[in-house]
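Try each task before reading its solution.

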Amino acid sequence: NIPQGSRLLFVGERRAAGFRRRFYAASGYDRTQFEDWISKVDDARGFYAILKEKGVTHLIMNPSGIVSLDPKKGELYSEFLSRYSEALIRTANGNLLVYKII
């Protein structure tokens with residue numbers, strides 16, 4: 001149950017149709033907002049600041065869909081998740097995770 005007024009960022013997941021919340025997502029043909037935003041920062045705090053500026057409250061993530069992230073940005077994203085988010089949902093097969101930005 002993601003609260004009304006939330007804004008979602010889809011990370012590695014392009015199936016956003018049907019969500020009844022505002023969201024940022026890309027089609028299979030577009031560069032994602034996630035890729036654009038994380039490429040602009042050098043640390044987890046910078047990524048957190050962008051998400052706050054854009055009003056993102058939750059991440060919907062498919063780990064297997066994050067294929068083009070270079071190792072340095074992968075470390076940055078891992079640090080961001082550990083410092084600035086709280087895991088809410090993990091499907092049994094681990095293909096979909098929901099995080100709340102704290």
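**Exercise 1: the largest pocket**

How many residues line the largest pocket, and which lie nearest its centre?

*Solution.* Keep in mind that you are looking at a predicted model. Start with the lining, which has 14 residues. Next, look towards the middle: G12, R14, T32, E35 and G65 lie nearest the centre of the pocket.

**Exercise 2: A26**

Find A26 and decide: is A26 buried or exposed?

*Solution.* First locate A26 in the loop between β2 (22–24) and α1 (33–39). Its relative accessibility is 11%, and the cut-off for buried is under 20%, so A26 counts as buried. Now list the contacts, setting aside residues up to four places away in sequence: A26 touches R14, R31, T32 and Q33. Two of these names, R14 and T32, also came up among the residues nearest the centre of the largest pocket. To finish, take the C-alpha distance from A26 to F10: the two are 16 residues apart in sequence and 8.0 Å apart in space.

**Exercise 3: N62**

Which side chain does the side chain of N62 make a polar contact with?

*Solution.* Go to the loop between β3 (58–61) and α3 (71–84), where N62 is found. From the N62 side chain, look for S64: their side chains make a polar contact at 2.7 Å. With residues up to four places away left out, N62 touches V11, G12, E13, R15 and N95. Lastly, N62 has a relative accessibility of 10%, so it counts as buried.

**Exercise 4: S6**

Where does S6 lie, and which residues is S6 in contact with beyond its neighbours within four places in sequence?

*Solution.* S6 sits in the segment before β1 (7–11). Beyond those neighbours, S6 is in contact with R21, R22, T57 and H58. A polar atom of the S6 side chain also lies 2.7 Å from the backbone oxygen of P3. With 5% relative accessibility, S6 counts as buried.

**Exercise 5: confidence**

Where in the protein chain is confidence lowest, and where is it highest?

*Solution.* Begin with the chain average, a pLDDT of 90, with 100% of the residues scoring at least 70. Then go element by element: the lowest mean, 87, belongs to β2, and the highest, 97, to helix α2 (residues 44–54).

Definitions and conventions. Residues numbered from 1 in each chain as written. Predicted model: local features only at pLDDT ≥ 70, side-chain atom pairs only at ≥ 80, totals over all residues. Heavy atoms only, no water. Helix = DSSP H or I, 4+ residues; strand = E, 2+ residues; numbered from the N terminus. Buried < 20%, exposed > 50% of the residue type's maximum accessible area, 1.4 Å probe, protein only. Contact = heavy atoms within 4.5 Å. 1 Å grid on protein atoms, 1.4 Å probe; cavity = no way out; pocket = protein on both sides within 12 Å on 5 of 7 lines; lining within 4 Å. Polar contact = N/O pair within 3.5 Å; in protein donor to acceptor, adjacent residues only side chain to side chain. pLDDT = per-residue confidence, 0-100.
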